[in-house]
Amino acid sequence: MGRVQKAAKNIFFGYISNFMILILGFWQRDVFIRVLGETLLGVNTLYADILSVLSLAELGVGTALNYSLYKPVANRDYAKIKSYMRLYKKAYLTIACVIAVIGLAVSPFLPLLIKPESRSGIAVRELVIYYLIFLFNTVSTYFVAYKYSLVNAEQKDYIQTNITTITKIVTVCFQIIVLNITRSFFLYLLTHAVIELLQKIAVSIYLNRLYPYLRERNVEKLTKEETDVVVTKSKALMFHKIGDVARLQTDSIIITYFIDVASVGFVGNYNYIITYGANFINLIFNSVISGLGNLVATESKEKQYSIFKVYRFFACWLYGFAAVGFWLLLTPLVAGLWLDESWKLGQAVLSLILIDFYFKGGRVVLLNYKIAAGVFEQDRYLSIIQGGVNLVISIIGAKYIGLAGVYIGTVISGVMANLIRPVIIYRDCFSRSAWAYFKDSLKYICTILGILLILIPVKNFLLVRVNLFTFLLTAGIITIVYNLIFMCFFRKTEEFAYLLSVVGRKFRRKNG
């Protein structure tokens, strides 16, 4: 099975998974809000982000080792695979212990973060217990997560996707039953923890059977050179990880401290939908990382460059479509169809979130190619600078502007990577100037903004009253108009022609 076929299989199962998880998540979130309210929703979101910060202990070890697996997997070098997997296992068990220790050390400081006036009567003891359940879920993940690296290196991402989907279905159903019967946040979290633990045990047994050679005791030690490569790349990725956490996982903490914890859940409703929209798109791009790794290992720079341009063009198309659709339809969905006007987010805040969302699409492309090509060291300090810029601007913005100020910092710090990383990748991977990248970026942005200006009056005319019919009608028209205009503008490009040829080949294969 070739790279395209494997990627297509991963994308197919990924879409089924994301669609089911999105629907289940809506149902779960709706019941949560109606039973437990906005404060506990904020606590739930806050703790998830705190544990993401603690996961900083992973420091890019997984990414570096995944990169190291591409070549032995392609060559079916099982001895070398066993060696890397043994190293991976030791690293992740150490990481689990580090996160557990740091997580326990953080717990006494939770009352300082969530101020008494924003707790809505929740006792400090309860806040700590809830947090410890989150901590247990995070730590236990590392005891099985390393085994997925081999699955993903073989471009079998669908295995992890299907396991995640089944677990989510079971978890949501049981959690909703528990919520409706007990109205207890503690039992809601405990249900999730128990199901996740059983899943991890079952997955560990399944992957041991799928790769029986990983249980063999005759494992050769990696050479010093091979270990040094992993260490060097892990050190570079450490800076990326620290910066990314400071930029992406601290907004809810800043909002909780400077505004209130309820606002975290408030913004979280919008971010929940945006995140799953991004997940649908990222499935396409993340599913081909291992394929890109194989491309880099086996093809010329010219071939790599031509595929990268297609990869990037398709990302701008889809992320632009999603950003336009969210800008026009997200508020009618959240504060019209789903909840009421009291949950409405200001358009300025939403615009900032979606500007970052669109530019994040460009960063996903750049990051995925960096991972596939193993280009980690060259911009290792950039993420640190981004994280610092985000923290400073977001804290000042939250204090003097409010919610919008937090996201001004997010946007400014994010765009820095959109300006610097293309220069590095074009220089080191393609031996080219990045001028063409920025010229294309300007064309894409202008086209997307032009389409948005055309669609604003259409949305205002059709959504005078928000109901399911007018919402779906508007969504359908936005989909048709956006994609038709975008295709008309770029129909003569090499990138569009390549995508069209891929679709044509698949159509002929199905009908031939």
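These are my notebook entries on a predicted model, going from the overall fold to single residues.

**Ground rules.** I number residues from 1 along each chain as its sequence is written. Local features need pLDDT of at least 70, side-chain atom pairs count only at pLDDT 80 or more, totals for chains, interfaces and linings use all residues, and side-chain values use heavy atoms, with hydrogens and water left out.

**Overall.** I looked up the secondary structure and got 20 helices and zero strands. Helices here are DSSP runs of H or I with at least four residues, strands are E runs of at least two, and numbering goes from the N terminus. Of the 512 residues, 53% count as buried. For burial I use relative accessible area with a 1.4 Å probe and protein chains only: under 20% is buried, over 50% is exposed, and partly exposed is in between. The protein exposes about 23,600 Å², with carbon and sulfur atoms supplying 67% of that. Those areas come from the Shrake-Rupley method with a 1.4 Å probe, and for residues only the protein chains shown count as cover. Taking contacts between residues at least 6 apart in sequence, 84% join residues at least 24 apart; contact means heavy atoms within 4.5 Å.

**Salt bridges.** I found five in the structure, a salt bridge being a side-chain nitrogen of Lys or Arg within 4 Å of a carboxyl oxygen of Asp or Glu. One of them joins Asp30 and Arg34 at 2.8 Å, N to O. Both sit in helix α1 (residues 3-36), four residues apart, about one turn of the helix. Asp30 is buried because its relative accessible area is 19%, while Arg34, at 54%, is exposed. Another links Lys443 to Asp440, with the closest N and O atoms 3.3 Å apart. These two lie in helix α18 (residues 435-462), three residues apart. Asp440 is buried at 15%; Lys443 is partly exposed at 41%.

Glu495 belongs to helix α20 (residues 494-511). Leaving aside neighbours within four places in sequence, Glu495 touches Lys309, Val310 and Phe313.

**Aromatics.** My search of the whole structure gave 26 aromatic pairs. Tyr426 and Phe430 form one that is edge-to-face, 5.5 Å centre to centre with 90° between the planes. Rings of Phe, Tyr and Trp (its six-membered ring) pair if their centres lie within 6.5 Å; planes under 30 degrees apart are stacked, over 60 edge-to-face, the rest tilted. Tyr426 and Phe430 are both buried. I also noted a cluster linked by ring pairs, including Phe313, Trp317, Tyr444 and Phe496.

**Nonpolar patch.** I traced a surface patch of about 750 Å², with Phe136, Leu190 and Ile205 among its members. Patches take residues with over 30% relative accessible area and no salt bridge, joining like charges within 9 Å and nonpolar side chains (Val, Leu, Ile, Met, Phe, Trp, Tyr) within 5 Å. Helix α9 (residues 185-210) gives the most, with eight residues. Ile205 is in helix α9 and is partly exposed at 44%.
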